[in-house]
Amino acid sequence: MRADESCRAEIVALVHDTYTRLSTPGSNFDELFAHSDMTLAGSDLGELFYRPEDVQELAKGASSRGLTWTCETVTVWQEGDVAWAQILGFITAALEVGGNQVAYWNTGIFARDEDGWHWRYWGGSEPKESPGA
């Protein structure tokens, strides 16, 4: 079922914080992707990471690429201390490297503990206009 307003607001804030860090070279991802079960499946072939250290390293690399991550719509569902979100947005390259913009969609899974909501899974994709494009 759809998340209550408190959960929704916290997840949206967490997603915006994550996208801000991904847009900022030198950002720290250590506590953001810290859980021992943190897993990421990116949009590129072979982008599969099963340890928080690997996810953190990938995020640090992504933040240094001169990309701006923009979140447009976040829809959140919740069941107890687990929530999941559909995150629709785009990534824009810096003008000095062309300024191209591509759609980027995420599926996020989150768990709540005494400190609030935290990432457990990141699934990313760059949707294409037609299959195989």
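Which residue takes a positive phi in the hairpin of β3 and β4? In this hairpin, which has two residues between the strands, the residue with a positive phi, near 65°, is Gly-80. The structure is a predicted model, in which local features need pLDDT of at least 70 and side-chain atom pairs count only at pLDDT 80 or more, while totals for chains, interfaces and linings use all residues. Residues are numbered from 1 along each chain as its sequence is written, and side-chain values use heavy atoms, with hydrogens and water left out.

Helices (H or I, at least four residues) and strands (E, at least two) are DSSP runs, numbered from the N terminus. Two strands are taken as paired if DSSP finds at least two bridges between them. Strands β3 (residues 67–79) and β4 (residues 82–93) run antiparallel and are joined by twelve bridges. Within this pairing, Thr-73 stands opposite Leu-88 of β4. Strand β4 is also joined to β5 (residues 101–113), again in antiparallel orientation, through eleven bridges. Here Gly-89 has Tyr-104 of β5 as its bridge partner. In a regular strand, side chains alternate between the two faces of the sheet.

A nonpolar core is defined as a set of buried Ala, Val, Leu, Ile, Met, Phe, Trp, Tyr and Cys residues joined through side-chain atoms within 4.5 Å. Buried denotes under 20% relative accessible area, exposed over 50%, and partly exposed the range in between (1.4 Å probe, protein chains only). The largest nonpolar core has 31 residues, of which Ile-11, Val-15, Phe-33, Trp-119 and Trp-122 touch the most other members. Two or more residues of this core come from each of α1 (5–22), α2 (52–63), β3, β4, β5 and β6 (116–125). Helix α1 gives the largest share, seven residues. In soluble globular proteins, nonpolar side chains tend to be buried together.

Contacts (heavy atoms within 4.5 Å) were listed without residues up to four places away in sequence. On this basis Trp-122 touches, among others, Thr-18, Tyr-19 and Leu-22, as well as Phe-33, Trp-69 and Tyr-104. Tyr-104 is also touched by Gly-42, whose other contacts beyond four places in sequence are Glu-47 and Gly-124. Gly-42 lies in the loop between β1 (39–41) and β2 (48–49), and counts as buried because its relative accessibility is 17%. The C-alpha atoms of Gly-42 and Arg-112 are separated by 23 Å, the two residues being 70 residues apart along the chain.

With a salt bridge defined as a side-chain nitrogen of Lys or Arg within 4 Å of a carboxyl oxygen of Asp or Glu, the count comes to six. Arg-21 and Glu-31 form one of them, at 2.6 Å from N to O. This pair links distant parts of the chain, with Arg-21 in helix α1 and Glu-31 in the loop between α1 and β1, ten residues apart. Arg-21 is buried at a relative accessible area of 17%, whereas Glu-31 is partly exposed at 47%. Both residues belong to a network of salt bridges that also includes Asp-17.

A salt bridge also joins Asp-30 to Lys-60, with the closest N and O atoms 3.3 Å apart. Asp-30 lies in the loop between α1 and β1 and Lys-60 in helix α2, 30 residues apart. Asp-30 counts as partly exposed, at 34% relative accessibility, and so does Lys-60, at 31%. In the salt bridge between Arg-51 and Asp-54, the N to O distance is 3.1 Å. Arg-51 is partly exposed, with a relative accessible area of 44%, and Asp-54 is partly exposed at 28%.
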